[in-house]
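Please examine the sequence and the coordinates shown here. The paragraphs that follow take up the aromatic pairs and then the backbone.

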Amino acid sequence: MGIFFHSVTLDESKCVGCTNCIKRCPTEAIRVRNGKAAITSERCIDCGECIRICPHHAKRAKHDHLSMLENFTYNIALPAPSLYGQFNNLDDQDYVLTGLKKLGFDDVVEVSGAAELVSEATRRLMDAGALKRPVISSACPAIVRLIRVRFPDLCDHVLPLLSPMETAATIAKRKAREKTGLPEEQIGCFFITPCPAKVTDIRMPIGIGKSKVDGAIAISEIFPQLSHRMDKLSPEEVEPLSSSGIIGVSWASSGGESSALLKEKYLAADGIENVIRVLEEIEDERIGELDFIELNACSGGCVGGVLCVENPYVAIARLQRLRKYLPVSQSHLEQNAPVPQEMNWNGELEFSNVLTLSDDIGRAMEMMVEIGDVEESLPGLDCGACGAPTCRAFAEDVVRGKCRKEDCIFILRKEIQRFADTISNLEGGIYPHGTEKNRPDAAKERNGE
């Protein structure tokens, strides 16, 4: 901790301090101070909810561009399964994959194919009893970071396998080295991403030291050019490049990863608010016995990412049509062999104590009491007018010294009223200039009484 990269950024010139974003941030990482929003770096999980909700487009996502292909000798596209849901009447993935090669990529490796390998590896580990139940998917990096920040007791439930994106990049670079003889540093792997969380996951990966992916290009950026290339393809030009089936493509929407495990006791939730409720119930042991829990920060799953171009539910309907023409699965691990070591995390998921009040337990307890006292004096409306999402968050900011109690407009109004009452009760009162003759005792003074 201490050094952070974030794909979600703020353009202060467009921010008007409207407070829409502070209500939706799942880790309370945003405050509005002096008329502008500010993102607390160590709390942000790059889920993109602030991008989705901001009416002024002041929040935006960093991502890479096709110009990065010039930095490498051999370039490989890694399309997310959600990319297929962006195209109408698509009944063959090879059109999309061939279109990517027409854009300048030398090869294409489907992330949906790698997803089938991750599903099979998960099944093997669960059958062997090697994972703590319920197992929580690690595919969505925003959810993994959310658990690190807000749900430390659940860290050891997170699936310790690399995401399909990382698995696809590992496979792609190995095949490219064997095919071309080039060193790995001259081979570029680019994920076609539906969300900013994947951009962060490439720059600051969890579970491994360094990502095999060299860049992330937004679906929204590549879509117009890709559509144009696909429209010009003749059937003879389409190459047989696909290596995934129903299982892999289904990962694009909520429930796809869970159903691929062929288990009955699973739960799939999407949308960051729904996910938080599920995690709270798991932490409190209020959810019955489950084998697997799939959580997606975006509504509908990855098809709901802020870097997609299509309505997520329209995309899901399109994927259902595409799946009709596919086999169940096309990518498999070696039979009767252990899960490849390259698919495992290098270490355990560790709690990130960014919400800790103080390293000194005694002082932290004192601050908790102070926060409770401040919160009791607040109206409890959670209106956001103070620039914090809730009265509790505002009380914490006051105790941390980041703002004053009078920044609450209700407290300020009471202080102003108290001050006005004090002034009006002063002996003799205070009257506007020129109105001294209207004082109650003015007539007596004029009469010499």
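**Aromatic rings and backbone features**

In this predicted model, ring pairs join F72, F105 and F190 into a cluster. Three aromatic pairs are present in the structure. A pair of aromatic rings is described by the distance of the centres and the angle of the planes.

The pair of F72 and F190 may be considered first. The ring centres of F72 and F190 are 5.7 Å apart and the planes stand at 80°, so this pair is edge-to-face; planes over 60 degrees apart are placed in that class. F72 belongs to the loop between β4 (59–61) and β5 (74–79), whereas F190 belongs to strand β8 (residues 187–193), and the pair therefore ties together parts that are 118 residues apart in sequence. F72 has a relative accessibility of 16% and therefore counts as buried, the limit for that class being under 20%. F190, at 0% relative accessibility, counts as buried.

F190 also takes part in a pair with F105. The centres of F105 and F190 are 6.4 Å apart, with 55° between the planes, and the pair is tilted. F105 is located in the loop between α3 (93–102) and β6 (107–108) and F190 in strand β8, so this contact ties together parts that are 85 residues apart in sequence. Both F105 and F190 are buried.

The backbone is the next subject. Most residues other than glycine have a negative phi, and most peptide bonds are trans. Which peptide bond is cis, with omega near -10°? The bond in question runs from R133 to P134. P134 is placed in the loop between α4 (111–127) and β7 (135–136).

Positive phi values deserve attention as well. T19, a residue other than glycine, has a positive phi near 70°. T19 is part of the loop between β1 (8–10) and α1 (20–24). With 22% relative accessibility, T19 counts as partly exposed.

N34 is not a glycine either, yet its phi is positive, at about 55°. N34 sits in the loop between β2 (30–33) and β3 (36–39). Is N34 buried or exposed? Its relative accessibility is 83%, and N34 therefore counts as exposed, since that class begins over 50%.

Conventions: Residues numbered from 1 in each chain as written. Predicted model: local features only at pLDDT ≥ 70, side-chain atom pairs only at ≥ 80, totals over all residues. Heavy atoms only, no water. Phe/Tyr/Trp six-rings, centres within 6.5 Å; stacked < 30°, edge-to-face > 60°. Helix = DSSP H or I, 4+ residues; strand = E, 2+ residues; numbered from the N terminus. Buried < 20%, exposed > 50% of the residue type's maximum accessible area, 1.4 Å probe, protein only.
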